[in-house]
Structure formats: C-alpha cells, structure tokens
Amino acid sequence: MEQKFYRDLKHSYAVCSCDADIMEKKDTRYQLKIMESGRIPKLLKSSLRKINQENFIYYDISSMMSIEDRYSSRGMGYDELMQLFSDMKIMIEGLSEHLLGNEGIVLDCKSVFCNLSSGEYQFMYYPNYGENVSVEAFFESVLCITDHDDEKAVELIYGLCDKAQLSDVLLIDILSELLKEPEEEKIELIKEPEVYFEEEEEIEEPEETGMERAKRRLSGKAELFFSLLFVAVIIGLMYIRVNYVLTKEENLLSIAIMLVSGVTGAVAFLSGLKTMSGPKKEKKVKEYEEDIEEYDNYDDFGDEVSYDIPIHVTASIKEAKKLDLGQCEETVVLDAEETEHMTLYSRNMDKTIRICLDKLPITIGKMEGCVDRVLADASVSRIHCKFLRDEKGVALVDLGSTNGSFRNGLKLVPQEKNYIEEGDEVKLGRICFDIR
C-alpha cells in the first residue's frame, strides 16, 4: 500500500488512495464511519476525502512518527516494546467490540506511529486491506529496530517470533500471554508498598527592592542608636558611683543595671551592623564538565582539517635542525575511508555548528534523548530529518518537519530519499549548512 505525506498549517497526514472496487463493498462504509468517529483507542483518526473523482483516506499523524524512523538509529528497548504490544492489544480489543476484523490492520513498521509527546503508539487501519502481512513478518521487522544491547528486549522479541511461527496461534492470544506476566508482577508490588521521601525544594529568595533596602537601613540605624543609649546609661551610672556615696543596695543595683545595659548594648550594636550590611549572598561555584561534543560548535580553525592524531612539539626550531633525519618517523598515510566522510558546517549562526556524517544513520532535531544530534533552534522540529547511507550514497530524508528541509533551495518531499554531494547546500529550518 503506497503512502504519501501531506502537511497543512496545523496537521500532518499520511494519505492512501482508496480504489473504487473497495468503496463498492458493503462493509467499507461501516468501517470508514467507525474510523472517522475515533471510537477505537490506539487507532489513527482518519477521514475520507474525494479529490478529482478519486477517494483518499487521510490519516492524522500530527506530532507522530513511524517507529521505523523513530528507532532507526536508536533501537527500541524493553519498555518501548511492552508499550507497543500493550497498545496493540487495546486496539485489537476495540476492533472486536465494533465487529471489525484484524485483516484491516496494516502490520508494517512504516504504518505504526509513535506519539512523540506521550510515547503512545497508534496503528493504521485500511478497509478490506488486501496485502495480508503475517504476524511473524511484523515481529521480524520489529526485531530489526530493536536495541540489541538490551538483552531483555532481544529475548522478548525472539520469543514472540517463535510463537508467531505456530499456525494455530492468534495475535490476540500472543499479546494476552505476553502481557499477563507483568500484571501479576504489578499485583505483587502492590502488596509491598515502598515509601518515597520527597526532596525539599530550595526556594530562591527574591531580589531586594529599593524600598526594602531603605527600611532595612533605617532599622539598622535604630538599633545602633539604642546601643548608644545603653552606653550613655553605663557612663551615667559610673559618674554617679564616683561622685556620690551609695548604700549597699544601691551599689548592687547600679552594677546589675550596668551589666544588663552592657550586654543589651553590645547585642544591639552587632545586630545593627549586621542589618546595615544586609544579608550575605553565598557564592555558588559552578562546576563545568568538559563536553567533547561542544567543540563541534566552534570553528576556531576556519576551513582547516583537524586530525585525530595529536601533534606534540618536542623541540624548538634550532634543536630540530640538529636532529638526524633517520630518527624521524615516516609519514602516516590516511586511509581513504577517513577522508570520505562528509561534514555539515553552518554559516548563518553566531557559532558554527559542525555535524560529521561518519556514523550513519543519524537523526537530527531539537528533542533531546530522541535524536542523535540536537539542534537547539525554534525553527527545527523535534525530530526533523535523518541522514542515511545505501549503495547509492548518502541520502537526506525529511521526517515530516514543520518548516521543511531544503537541498540547494528546493524543498524536499517528506519520507523521500534525496542524495547529497559535497558542495551542496542543506537548510534545516532556518539553519543553512554547507557540505564539505
């Protein structure tokens, strides 16, 4: 089934033509009505449109991407596989409730879409779908995009492939058996609840305004004034004790008043100084981690080629003349593969962005964690495009981006390969790259 991709101002669509012989069947209208209503969960919402006497089904894939493109460079892990098969089970159960058969499900990695925001998976349903893809073939295609470093995920998908080879096993039975074990584990976890402690959030103090600063200084001056009053009281009592004869009780009372006045005056003096100086701001030391990838964002050497082999200066020019030529090592000849890799250099950004196409496929976008190279620019989509290599060379594929991808000024058709060469200009959003 051939798919074309179309995008308007707000939505993206996968478009499939609907032949006249399919529309003539009785159950096609019912299937299309259920599909347009959106009653079945995990099923792509669709609408039937008639253009130039031809029928087309528009599947809404806004903010979605096929799992083939989503996990082409980074494979699916165990959690993603479990989410995929769980959503598939929910979708099949919804089909059975509305008396729709499983033969309309398009079991193809290009037709299963992942919602980039929620992580949920939605499936394509085509009325009276004639190209029956076996469940085993679908599981094998999922195996190709599975993360082979995740042993748990590999073991899971290999087990499903073995079960799909049995002729008398239905897809819903395989999924029910697969999802039964995790449900039992969840019940056991509920019996032994874990206590989680919430971390206290650090509340940053707001900056002091001019009015607050004036009030603080006035309060500090008042405290200093009271400390001077206590000093005056002490001086007055000392004058009385020197010039007058006091009784025993008056003598003890004067000593007590002097002590209290001294302590209170000292406290008021220190508090006033502290209030006048204001709260001390703790200097936060920022620790910077070296990130080798950040050096790709700088072009300190212009168009010069940087080599991976470090250059060590071992002697001055005068000392180098004294060295025997026989002691020098022979020049290393670079392999052809090391010089064949194309590199993208941005030319309309404040800091030059360098993207090396040595390890393909590579996906580019602004959604960190979902792409191989992040471009933090508002004009770039979350998963914008990807570069891949085949027998014809290196190709650029636009993944349905909002602002599009361009090669030498021509806008690329989504999901189509466009082969690039050195000297071409590639534009992703508003960022222009030169290929060298």
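Okay, threonine 28: at 0% relative accessibility, that residue counts as buried, where buried means under 20% relative accessible area, exposed over 50%, and partly exposed in between, with a 1.4 Å probe and protein chains only. Threonine 28 is in helix α2, residues 26–37; helices here are DSSP runs of H or I with at least four residues, strands are E runs of at least two, and both are numbered from the N terminus. Its contacts, if you skip neighbours within four places in sequence, are Ile22, Met23, Pro127 and Asn128, and contact means heavy atoms within 4.5 Å.

Before I go on, the ground rules. This is a predicted model, so to speak of local features we need pLDDT of at least 70, side-chain atom pairs count only at pLDDT 80 or more, and totals for chains, interfaces and linings use all residues. Residues are numbered from 1 along each chain as its sequence is written, and side-chain values use heavy atoms, with hydrogens and water left out.

Next, the core. The largest nonpolar core has 56 residues, and the ones with the most contacts inside it are Tyr59, Phe85, Met88, Tyr126 and Phe139. By nonpolar core I mean a set of buried Ala, Val, Leu, Ile, Met, Phe, Trp, Tyr and Cys residues joined through side-chain atoms within 4.5 Å. Helix α4 gives the most to this core, with eight residues. As background, nonpolar side chains in soluble globular proteins tend to be buried together.

Which residues does methionine 88 touch, not counting those up to four places away in sequence? They are Leu107, Phe123, Phe138, Leu171 and Leu175.

On the α4 side the contact is made by Tyr78, Leu81, Met82 and Phe85, and on the α6 side by Lys152, Ala153, Leu156, Ile157 and Leu160. Sorted by type, that's eight nonpolar, no polar and one charged, with Ala, Val, Leu, Ile, Met, Phe, Trp, Tyr, Cys and Pro as nonpolar, Asp, Glu, Lys and Arg as charged, and the others, Gly among them, as polar.

Now the aromatics. Rings of Phe, Tyr and Trp (its six-membered ring) pair if their centres lie within 6.5 Å; planes under 30 degrees apart are stacked, over 60 edge-to-face, and the rest tilted. That rule gives six aromatic pairs. One of them is phenylalanine 138 with phenylalanine 139: the centres are 6.0 Å apart and the planes at 45°, so we call it tilted. Phenylalanine 138 is buried at 1% relative accessible area, and phenylalanine 139 is buried too, at 0%. Then there's phenylalanine 225 with phenylalanine 226, an edge-to-face pair, 6.2 Å centre to centre with 65° between the planes. Phenylalanine 226 is partly exposed, at 47%. Ring pairs also link Tyr6, Tyr13 and Tyr58 into a cluster.

The test is NZ of Lys or CZ of Arg within 6 Å of the ring centre and within 35 degrees of the ring normal. Lysine 427 lies over the face of phenylalanine 406, 5.8 Å from the ring centre, and arginine 436 does that over tyrosine 345, at 4.6 Å.

Where is the cis peptide bond that has omega of about 5°? It joins leucine 360 and proline 361, and proline 361 is in the loop between β9 (354–356) and β10 (362–365). Leucine 99 has a positive phi, near 60°, and isn't a glycine. Leucine 99 sits in the loop between α4 and β6 (112–115) and is exposed, at 73%. Glutamine 415 also has a positive phi, near 65°, and lies in the loop between β15 (410–411) and β16 (417–419); glutamine 415 is partly exposed, at 29%.

Last stop, leucine 399, in the loop between β13 (393–398) and β14 (405–407). Leucine 399 is buried, at 5%. Beyond four places in sequence, its contacts are Met65, Asp69, Ile383, His384, Cys385, Lys386 and that glutamine, Gln415.
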